Amino acid sequence: MLGAVDTPRQTATHCPYCALQCGMLLSKRDGEWEVAGRPDFPVNRGGLCVKGATAVELLDHPERLTVPLIRDHRDAPLRPASWTTALDRIEAEIRRAQRHHGLDSVGCFGGGGLTNEKSYQLGKFARVALRSSAIDYNGRFCMSSAAVAGQRAFGVDRGLPFPLSDVAAADAILLVGSNPADTMPPAMQWFDAGRARGARHIVVDPRVTPTAAVAAQHLQPVPGTDLALANGLLHIAIRDGLIDHDYIAARTTGFDSVRRAVRAYWPERVERITGVREAAMTAAVRTLTTAGTAMVLTARGAEQHSNGTDTAQAFANLALALGLPGRAGSGYGTITGQGNGQGGREHGQKADQLPGYRKLSDPAARAHVAAVWGVPPDELPRPGLSAYEMLDGLGTDSGVRVLLVLASNIVVSAPDGNRVLDRLGKLDFLVVSDFFLSETAELADVVLPTTQWAEEDGTMTNLEGRVLLRAKAAEPPAGVRSDLEILWLLANRLGRGEFFDSGAREVYDELRRASAGGPADYAGITLDRLAAGEELFWPCPSEQHPSTPRLFTDRFPTPDGRARFVPVRYRPVTELPDPDFPWVLTTGRTMKHYQSGTQTRRSPTLAAAEPVAYAELHPELARLVGVSDGEDVQLTTRRGTAVLRARVTDTLRADTVFVPFHWRGVNALTAASLDPHSRMPEFKTCAVAVSKPPSNSP
């Protein structure tokens, strides 16, 4: 008809990036992909950040992998090969390694961006098809400290135990080590709504981030001293009679031990450790305790330390002492970062875990999951090594000799990057499944092209514990296969195919059965309920259950229903500045890029906006070393050297250098000292020397 306009079909799905999992609508008009935010999705309500708005640039990308690549020998270049040839090679190398070095000589390394189905399938593949204990994932580098602290304090780890929209109802918020204005912009609408009605927000960060700039108060501690600050705040609250005695008596246990522990954190001492003045600490405590409703929220800035678990624990102690968890409009939470950082840590790709957030060491958990899988419980391996520990042992007599990597770019994201790069080179065989040739895939002996976010159906679980349908909106290129199918094909070749399915629906339904009765119980969260538009949060133990958007309202999932206070003590970071390395290096994210940059650095829009790695320097430090804004600056730690573009700014402490970690070489600087509880590496602080680069440096 004259004047008719072609209206393309829109597919409702979710963003491929952070843990908000913003709702979006995808469509294709005249051969070009279009994206819009979904106004009906309650997390982002139509808003998208620049990453989400440009996510379609990854579809039909010219660098997309579409055929398997193999090397004929270690020094040969990668060349195209058939799927049969590639899988033959992988099968042969797995069998050879396990024949000569044992079952644990073959390992898997997963990612927090995998769907729930893929996370589940990978954990099952390692334990049933490979019968190996060697599996972990990059989420160990993200949420592991917060997870351990949450389990110790509350009996469960769900990043936000309430919907994100509850943030708008809090009259006061203490936000520690998080910059959502840059890293999760659509989330800021809830913070903005709270401030618009008079809420007071306190941000703890060594930088004056865009989030800190709009807060009522900004506490700017020395990196790595947040634990001392948390204990100091609790000391003041107890001293001034501002804690909730009734809540402590009715809903918690262990407070007396924490009371005794924080006596050692009098304000003058904490000020010397952190650099935060006593008056500022007292004002923050007053804000939290005089508000009608209040929240304490932590993120990676507080947690990516060798004492990250205890730091998160200290802030949980503060929240409990103020009577916040389980109260309407109040609470304690940790802000998950990766796209499926919540679901990815629930269903078995962690070294010590089985589906439903069960413990691999628990005989009852082993029996339940083994029954679902159809294998004897004794056949399941025991817990293996954490991510960095596994990487650090690659190629050794007792370590992994053949490594399968899914959805992770280890070369860019692992700490002490030069050490990890050396260990990857000691492997007998490396397999990488990805949709781009990442820096890790460039080293592989076999690269398998896999589907990306818009080309497959699956479920994700966002930072609230909300389970989502990620719907297929596009056909993958010919020759590309999903990770579910790849793992199923390999299981068949290894003689274990009878235990596996390749379809997302079948795998998800099995995940539901395996998770039933566990802390993260998905039994009642069916695909049909999700497709019908129900908002479903775990735990949800039956199809008649309404699900659990808010935890802890009546009791905590502990044996006695009470939350646990855990005394923790501050200890200095592993590396303190000295004459050779006199400054403090900290790392983080930017608005324009995400994680290792495998996706965002290939987005033309994002790459043009943020083309090169950079280091933020305070003007005093820049003058001292003779570096101007826009010039190259050299950073050197005990592990490596990097030359980056200098950005001179007064928005950070004069003793601190900030570097985003989205580019190769940045994590060659960072330390691999591990948290004793979570095995989290110390990404967020190390000693660094700053200088002008030699005139002949690249």
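**Exercise 1. Crossing of α3 and α19**

Task: In this predicted model, determine the handedness with which α3 passes α19, and classify their relative direction.

Solution: 
- Step 1. The crossing of α3 over α19 is left-handed.
- Step 2. Take the geometry. α3 spans residues 116-129 and α19 spans residues 483-493. Their packing angle is about 15°, and the axes lie 10 Å apart.
- Step 3. Apply the cut-off: angles under 35 degrees count as roughly parallel. α3 and α19 are therefore roughly parallel to each other.

**Exercise 2. The α3–α19 contact**

Task: Which residues make the contact, and how do they divide by class?

Solution: 
- Step 1. α3 supplies Glu117, Lys118, Gln121, Leu122, Phe125 and Ala129.
- Step 2. α19 supplies Asp483, Leu484, Leu487, Trp488, Leu490 and Ala491.
- Step 3. Sort by class. The contact of α3 with α19 has 8 nonpolar, 1 polar and 3 charged residues.

**Exercise 3. The open sheet**

Task: Give the strand order of the open sheet of 5 strands, and state which strands stand at the edges.

Solution: 
- Step 1. The order reads β10-β9-β8-β12-β13, with parallel pairing.
- Step 2. β10 (217-219) and β13 (331-334) each have a single partner strand, so one side of each lacks a neighbour in the sheet. These are the edges.
- Step 3. From one strand to the next, the twist averages 15°.

**Exercise 4. Inside and across the sheet**

Task: How many bridges join β8 and β9, and which strands does α14 lie across?

Solution: 
- Step 1. β8 (residues 172-176) pairs with β9 (residues 200-204) over 5 bridges, in the parallel sense.
- Step 2. α14 (residues 308-321) lies across β8, β12 (294-298) and β13. It runs at about 165° to β13.

Conventions:
Residues are numbered from 1 along each chain as its sequence is written. This is a predicted model: local features need pLDDT of at least 70, side-chain atom pairs count only at pLDDT 80 or more; totals for chains, interfaces and linings use all residues. Side-chain values use heavy atoms; hydrogens and water are left out. Axes are lines fitted to C-alpha atoms, for helices over the stretch in contact, and angles run from 0 to 180 degrees between N-to-C directions. Helices (H or I, at least four residues) and strands (E, at least two) are DSSP runs, numbered from the N terminus. Angles under 35 degrees count as roughly parallel, over 145 as roughly antiparallel, 65 to 115 as roughly perpendicular and the rest as oblique. A crossing is left-handed if the near helix is turned anticlockwise from the far one by less than a right angle, and right-handed if clockwise. Contact means heavy atoms within 4.5 Å. Ala, Val, Leu, Ile, Met, Phe, Trp, Tyr, Cys and Pro count as nonpolar, Asp, Glu, Lys and Arg as charged, and the others, Gly among them, as polar. Two strands pair if DSSP finds at least two bridges between them.
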